[in-house]
Amino acid sequence: YKRQVVDFVSRNRDSVDYVTFVPDGEPTLDACMGRIIEFVKGETGVRVAVLTNASLLWMEDVCRDLEQADVVSVKVDSVSERVWRRINRPHPSLVLERVLDGIREFSSSYKGTLISETMFVRGVNTDKGVYRDIATFLRGLRLSKAYISVPIRTPAESFVEPPTERELVEAYEEFQGVLGSGRVELLNMPEPPPRLVSGDPVAWLLNTCAVHPLRYGEAVEALVGRVEDPVGLIEGLVRENLLLKTEYGGQCSSLGTLGVGSECG
């Protein structure tokens with residue numbers, strides 16, 4: 001399957017911006033990540049981006065692996081240990097101060113494009129003081145751009161809700177005031193539907209939903225022309241407990257092996 005992906009990217013390199021590492025989990029946990037990045041770049045000639053929660057950037061070997069990527073996105077949802085633990089639910093052995101030190105150290109030596117993503121959750125990290133503290137930390141990094149995101153996909157916890165419009169505007173203005181004009185961007189719109197179904201349609205659907213929730217209608221649309229009955233296929237996987245359907249934001253989403261919310265028909 002991986003060989004098929006590499007071959008596809010190689011054939012379509014002119015229309016591919018990046019090969020992005022967004023696995024089912026944290027990419028830096030892969031001890032072979034550096035070799036995989038080197039292989040992908042060598043085989044395809046396409047730039048590589050890695051999205052990381054930054055929890056292991058205090059490890060020298062992880063930083064060496066990431067140095068090969070053209071773009072690295074680090075997750076910074078809080079600079080408060082208590083808030084960080086509530087939002088990110090890190091392993092008990094991790095300490096936020098060490099994680100933040102690792103991000104600073106990596107930023108000082110990394111020669112590629114470094115960006116950040118901060119997700120705001122209503123009632124958890126939506127406060128002017130919080131916005132300012134996070135932005136102040138980000139200002140100390142060699143950052144190309146800071147992205148502000150909100151929960152759009154079905155969350156793992158039912159209490160998770162996006163910030164209000166006012167809170168989002170306040171966060172954006174605080175970030176822009178600290179980081180400067182043009183260095184902050186909002187990610188508050190739903191992602192575009194998938195355009196490519198590669199390989200076996202069932203395997204594609206399960207692999208995609210294992211990484212992140214997929215809206216029901218988008219899953220159906222993506223499978224049109226690839227299978228005879230997209231809705232029947234999805235519902236069959238639901239009956240087999242290979243996919244779960246949950247409701248979030250008034251829309252039905254299909255997930256892999258974990259879902260939170262009420263059943264939707």
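This is a short tour of a predicted model, moving from the whole chain to two residues.

**Whole chain.** Start with the protein chain in cartoon view. Its secondary structure consists of ten helices and nine strands. The chain has 265 residues, and 42% of them are buried. Taking contacts with a separation of 6 or more, 66% are between residues 24 or more positions apart.

**Surface.** Switch to a surface view of the protein chain.

**A nonpolar patch.** Select Val22, Leu51 and Val211 and keep the surface on. Together these residues make a nonpolar surface patch of about 200 Å².

**Leucine 51.** Stay with one member of the patch, Leu51. Leucine 51 belongs to strand E2, which covers residues 48-52.

**Valine 178.** Now hide the surface and select helix H7, residues 165-179, where valine 178 lies. Valine 178 counts as buried because its relative accessibility is 17%, and the cut-off for buried is under 20%.

**Around valine 178.** Which residues does valine 178 touch, leaving aside those up to four places away in sequence? Show the side chains of Ala135, Thr136 and Arg139: these are the residues in contact with valine 178. Arginine 132 and valine 178 are 46 residues apart along the chain, while their C-alpha atoms are separated by 7.5 Å.

Definitions and conventions: Residues numbered from 1 in each chain as written. Predicted model: local features only at pLDDT ≥ 70, side-chain atom pairs only at ≥ 80, totals over all residues. Heavy atoms only, no water. Helix = DSSP H or I, 4+ residues; strand = E, 2+ residues; numbered from the N terminus. Buried < 20%, exposed > 50% of the residue type's maximum accessible area, 1.4 Å probe, protein only. Contact = heavy atoms within 4.5 Å. Patch = residues over 30% accessible without salt bridge, like charges linked within 9 Å, V, L, I, M, F, W, Y side chains within 5 Å. Areas by Shrake-Rupley, 256 points an atom, 1.4 Å probe, with all protein chains shown as cover. Salt bridge = Lys/Arg side-chain N within 4 Å of Asp/Glu carboxyl O.
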